[in-house]
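Please work through each task before reading its solution.

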Amino acid sequence: MPLGRELPQLLKQCLFYKGRKFNFEVNRLRLPNKAEGDWECIRHPGGALAVPVTAEGKLVLVRQYRFAIQGRILEFPAGTLELNEDPLETIQREIEEETGYTSQKWDKLGEFFLAPGYSDEIIYAFLARDLEKLENPPQQDADEDIETVLMTPEEFEQAILQGEAVDAKSISSFMLARPFLV
């Protein structure tokens, strides 16, 4: 991330939990402005996301069950980076698993923090074009409950504006991709 870093001074590690996908910590810190306190943070390896577009100009999205919100949400395919994995490798794998498509043309759209108030997670967004439907798509993960959805950019924008459940990373990435969508 091309942002200047100002590391706080760690005064005491109060809690550390190592999870399957991310870690959670509570630390007593001294911030650059000298304020001291206990802060919670989710430490996340980062994620990669694709805005996949078919030759006909349709967006390939997924409607996925998310236990944290106890419901289904419309989003672009995405996945968590594995240790030392390039974000492009992550999303090339995830798009196949989640949608059954592969892409021959990848463009980097950008990167952004997802929720910097409590997490260091960075999303690496890509535009995927020249999609091909796989004859034998890889098996989805056992905990994934996903339906593939095709929409025009205008239909997706209307879904957002009408309040359909769409996550922030998909809305942000859509805005980054919008100038490239015909």
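The exercises below treat a predicted model.

**Exercise 1.** Determine how many disulfides the structure contains.

*Solution.* A disulfide requires two cysteine sulfur atoms within 2.5 Å. For Cys 14, the nearest cysteine sulfur is that of Cys 41, 13 Å away. Cys 41 in turn has the sulfur of Cys 14 as its nearest, at 13 Å.

**Exercise 2.** Classify Cys 14 and Cys 41 as buried, partly exposed or exposed.

*Solution.* Buried means under 20% relative accessible area, and exposed means over 50%. Cys 14, at 38%, is partly exposed. Cys 41, at 14%, is buried.

**Exercise 3.** Characterise the pair formed by Trp 106 and Phe 126.

*Solution.* The ring centres of Trp 106 and Phe 126 are 6.4 Å apart, with 85° between the planes. Planes over 60 degrees apart count as edge-to-face, and this pair is assigned accordingly. Trp 106 belongs to strand E8 and Phe 126 to strand E9, so the contact ties together parts 20 residues apart in sequence. Trp 106 is buried at 17%, as is Phe 126 at 7%.

**Exercise 4.** Describe the pair formed by Phe 156 and Phe 174, and state which aromatic cluster includes Phe 156 and Phe 174.

*Solution.* Phe 156 and Phe 174 are edge-to-face, 5.0 Å centre to centre and with 85° between the planes. Phe 156 lies in helix H2 and Phe 174 in helix H3, so parts 18 residues apart in sequence are tied together. Both Phe 156 and Phe 174 are buried. Together with Phe 76, Phe 156 and Phe 174 form one aromatic cluster.

How values were computed. Residues numbered from 1 in each chain as written. Predicted model: local features only at pLDDT ≥ 70, side-chain atom pairs only at ≥ 80, totals over all residues. Heavy atoms only, no water. Buried < 20%, exposed > 50% of the residue type's maximum accessible area, 1.4 Å probe, protein only. Phe/Tyr/Trp six-rings, centres within 6.5 Å; stacked < 30°, edge-to-face > 60°. Helix = DSSP H or I, 4+ residues; strand = E, 2+ residues; numbered from the N terminus.
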